[in-house]
Amino acid sequence: MSAMRRHNRYSRRAVLSRAAGGAAALTMGPGLLAACGDDDDSGGGGGGSGEATAWMWGDATELADWLRGVTADFKASQGGGDVQVAVQQVETLVSNFAAAAAARKGPDVAAQWATQPVLAQAWAGAVEPLDDLVPESERSHWVFQQENQYGGKQWAAPLYVIGQPFCYNKKLFEQAGLDPEAPPETWDELLAACGALKAEGITPLAIGNKDTFGGRWAWAFLAVQTLDSLDDLKPPLLGEASFADPKYSEWAVRWKELIDNGYYNEDAMSLDGQGGYDVFGSGKAAMAWAVENGALAWGEALGAENVAQLDFPKYGTGKLADSYTATQSTSYFITSWSEEKELGAEFLQFLHQPEQLKSQFETCNVIPADDRFDRSVITNPLHKSLADRASSGLQIWLENWIPPSVDETANGPGGQKLMTGGSVEEVTALWDQQAKVWREQNPDIAKRFEEWQMTPVSV
Amino acid sequence: MSEGVTPASARLTRRRSLTGRPGGRRAWRRRLWSVPYLIPAAALIGFAFGYPLVKLIDYSFQTRPNIPGSVRTTVNYTLSVEDPSFSDALQHNLTLLVAAVPILVIVALVLAILLFARGRASHFYRSALFLPYVVSIPVVGVTFGTIYSLNGAANDTIRSVGLSGLAQDWLGDPSYALFAVVTVIVWKEFGLGVLLFSARMASIEPDLYDAARVDGARWWSQHRFVTLPALREVIVIFIVIEAITMLSWVFGYIYTMTKGGPGGATIVMEYLIWTQGFAASNLGLASATAVLLLGGLLVFLLALAIVRRVFAKGVS
């Protein structure tokens, strides 16, 4: 799971779309499960007519606007070829494509969250590799490609790169007698800082976990610290080790320490992710994590000089502990049933042309995932520092690398359990159980997962 | 013979019992004529319900429905039942059934009786009480999600009257979340009961109340011996509707208020199916869970029908 979507999913518009999604799901009922299947393999796109459909993620208004403009430009640049973009919302991005993939009917180009959500569909035969559709000379410019590689093939294209910075409020640090220029680097320093802040009546950490994203992020930030490689994720997921082993449960022990000490805002379970951001943005908490856009908004609200990024304090000594949390968020691919694969591939390449990269940054304020993007146009110092951090060293958003079903059924509820008094043992048992469900329900995919050479992004 | 049976229908009934050929050839011909007219509706119903049901059952026996390499298996049923979320969800649905339905019946009944024979104002109150029922569930869910938050309107009210100790994170605390959902469902659904009960009460002969008064019955006795017996059938219908709602029609509330959380404290069967099918993309597993829910619901309805029949026999 990834990034920019999480920031924008909390907008009023996202809430309404969620409500609409709920209404739709309510009216459809279990019959939808069956209705999404069809044995007809005909393409849902242009059917060779020179017209393709693209299901692009666009929960952010700016991104949707940009896509509309780019699509018009693409049509103008083509000799008759056209791509119809259907903007997908956060809540329906996965479910809509799951239904389309089951029916083998739907878009020619589609988006899913990076890595496992893309590869799970690729392993299920719903995705066409890009290697034969997009020349290497073009793909070589795309960054963060490792997130969607399997079997020596490239399965999806990135669009933008986004980091999840952990930020602190310098003013509140100063108020608590802490050095605003020396934020905590180790776990003990974090605990000491939290203690000092709390003693001053300042909420040390802000989070919103009503929608489970706070807990999922906690896992992504903390669990990576005990891993030496991404392959370390395989044993517990494949049933060869338990999530109760210290290597896989230490994160929960540490996070629970923060929770049990009362270092989080007390209404964490009443707030969704955006609500958690707002606690920090309103100056009521001293530290929080967000996506880049969220951090930039904090800078505007609190004064750029008061907001700074720090690497998440370390407790683990794994080789991945020093990685930064950046990802391409959504990835874009050609569906296996498409009859307009070439047109779809042209569209993906078009999105990476310098003019589009520039307009993407100008409209959406995100860093395009392409080395041809001219970074000199980034003038906001905070944005520049965040972009620099996302382009140096190891970049791992751990949620991307586990099966989406385990993320949904173990990581999300597990984080809520920890935050509402549940034990570490209870949570690790949930992980083990849901990993077992995933393996037994998807033996073929589990086998592919086992064979997968998991390579983190290193820039 | 009931007063609704005409002499002609009485003759027809007698002829049926004597000949065993109700209506004779003409009636049969007439019935045959109706068949072609029924075919479109039957086909539509068959397509709308039959086809999805067959596919649902088919999917439930596949590891990855419609995807190459999918194998026929019963593992989905095993996994579904073994999943702790399954028993949690079932337990929560049953809790809703046991907690919400009696409250709904009592609240609706009391309000319907209180509004009975209150003149013009009763129409206004009945409409006002019915309003929550017509508000869409997502709107209700999102609104109450805000009201029940730790710093929401519910706790603000509690704090403003000096009861700060009672303020809770109603939807964020596993101990209270399901209870909070019950209150929202009751608030939303009781209007239907008031409407059904009021409609039936309007058709009760006033003479019955006059006779009861002449016999010395006071307010309580009048309703106990006149209103309640008259409402029996409507109450049963309301119970059946709400029971079905609690077992298989609460997805909208859960999705918009808690998403099954915190930590699975409010997960219900429909939400579990949605999670398995669409959030986790396990259509086979979701189908198996849906079939189990459907089967359980059919058993429940059958049991209810048997209880009703036994109860009706006992009464008669």
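Where is Phe144(A) found? Select Phe144(A) in your viewer and you will land in the loop between α7 and β5 (149–150) of chain A.

**Before we go further**

This is a predicted model, in which local features need pLDDT of at least 70, side-chain atom pairs count only at pLDDT 80 or more, and totals for chains, interfaces and linings use all residues. Residues are numbered from 1 along each chain as its sequence is written, chains are lettered from A and ligands numbered from 1 in the order in which they are written, and side-chain values use heavy atoms, with hydrogens and water left out.

**Stop 1: Phe144(A)**

Stay on Phe144(A) and check its backbone: phi is near 60 degrees, a positive value in a residue other than glycine. Most residues other than glycine have a negative phi. Is Phe144(A) buried or exposed? Phe144(A) counts as buried because its relative accessibility is 3%. Buried means under 20% relative accessible area, exposed means over 50%, and partly exposed is in between, using a 1.4 Å probe and protein chains only.

**Stop 2: Glu138(A)**

Now select Glu138(A), in helix α7 (residues 136–139) of chain A. Helices (H or I, at least four residues) and strands (E, at least two) are DSSP runs, numbered from the N terminus. Glu138(A) is buried too, with a relative accessible area of 8%. Show the side chains of Glu138(A) and Arg372(A), and you will find a polar contact of 2.7 Å joining them. A polar contact is a pair of N or O atoms within 3.5 Å; within protein, one must be able to donate a hydrogen and the other to accept it, and residues adjacent in sequence count only if both atoms are side-chain atoms. Leaving aside residues up to four places away in sequence, Glu138(A) touches Gln349(A), His352(A), Gln353(A) and Arg372(A). Contact here means heavy atoms within 4.5 Å.

**Stop 3: all of chain A**

Zoom out to chain A, where the secondary structure comes to 20 helices and 17 strands. Of the 459 residues in chain A, 64% are buried. Take the contacts in chain A with a separation of 6 or more: residues 24 or more positions apart account for 80% of them.

**Stop 4: helix α14 of chain A**

Select residues 292–302 of chain A, which form helix α14. This helix is largely enclosed by the rest of the structure, because 8 of its 11 residues are buried. Among the buried ones, look for Glu292(A), Leu296(A), Trp298(A) and Leu302(A). Step past the end of α14(A) to Gly303(A), whose phi is positive, near 95 degrees.

**Stop 5: two helix pairs**

Two packed helices are described by the angle between their axes and the distance between the axes. Axes are lines fitted to C-alpha atoms, for helices over the stretch in contact, and angles run from 0 to 180 degrees between N-to-C directions.

Begin with α10 (residues 213–223) and α18 (residues 404–419) of chain A, which pack at about 100 degrees with their axes 7 Å apart. That makes α10(A) roughly perpendicular to α18(A). Angles under 35 degrees count as roughly parallel, over 145 as roughly antiparallel, 65 to 115 as roughly perpendicular and the rest as oblique. From α10(A), Gly215(A), Arg216(A) and Trp219(A) meet residues of α18(A) including Asp407(A) and Asn411(A).

Next, show α19 (residues 424–441) of chain A with α3 (residues 75–82) of chain B: their angle is about 170 degrees and their axes are 10 Å apart. This makes α19(A) roughly antiparallel to α3(B). Residues making the contact include Val437(A) on α19(A) and Leu79(B) on α3(B).

**Stop 6: chain B**

Chain B is divided into domain 1 (7–60) and domain 2 (82–315), with bounds that come from an automatic or database domain assignment. Colour the two domains of chain B: their C-alpha centres lie 35 Å apart, and 5 residues of domain 1 are in contact with 6 residues of domain 2.

Select Ser175(B), in the loop between α7 (153–160) and α8 (177–202) of chain B. Ser175(B) counts as exposed, at 59% relative accessibility.

Finish in the loop between α11 (251–257) and α12 (269–279) of chain B, which holds Pro262(B). A cis peptide bond joins Gly261(B) and Pro262(B), with omega about 0 degrees. Lys259(B) has its place in the loop between α11 and α12 as well; its phi is near 55 degrees, a positive value. Lys259(B) is partly exposed, with a relative accessible area of 24%.
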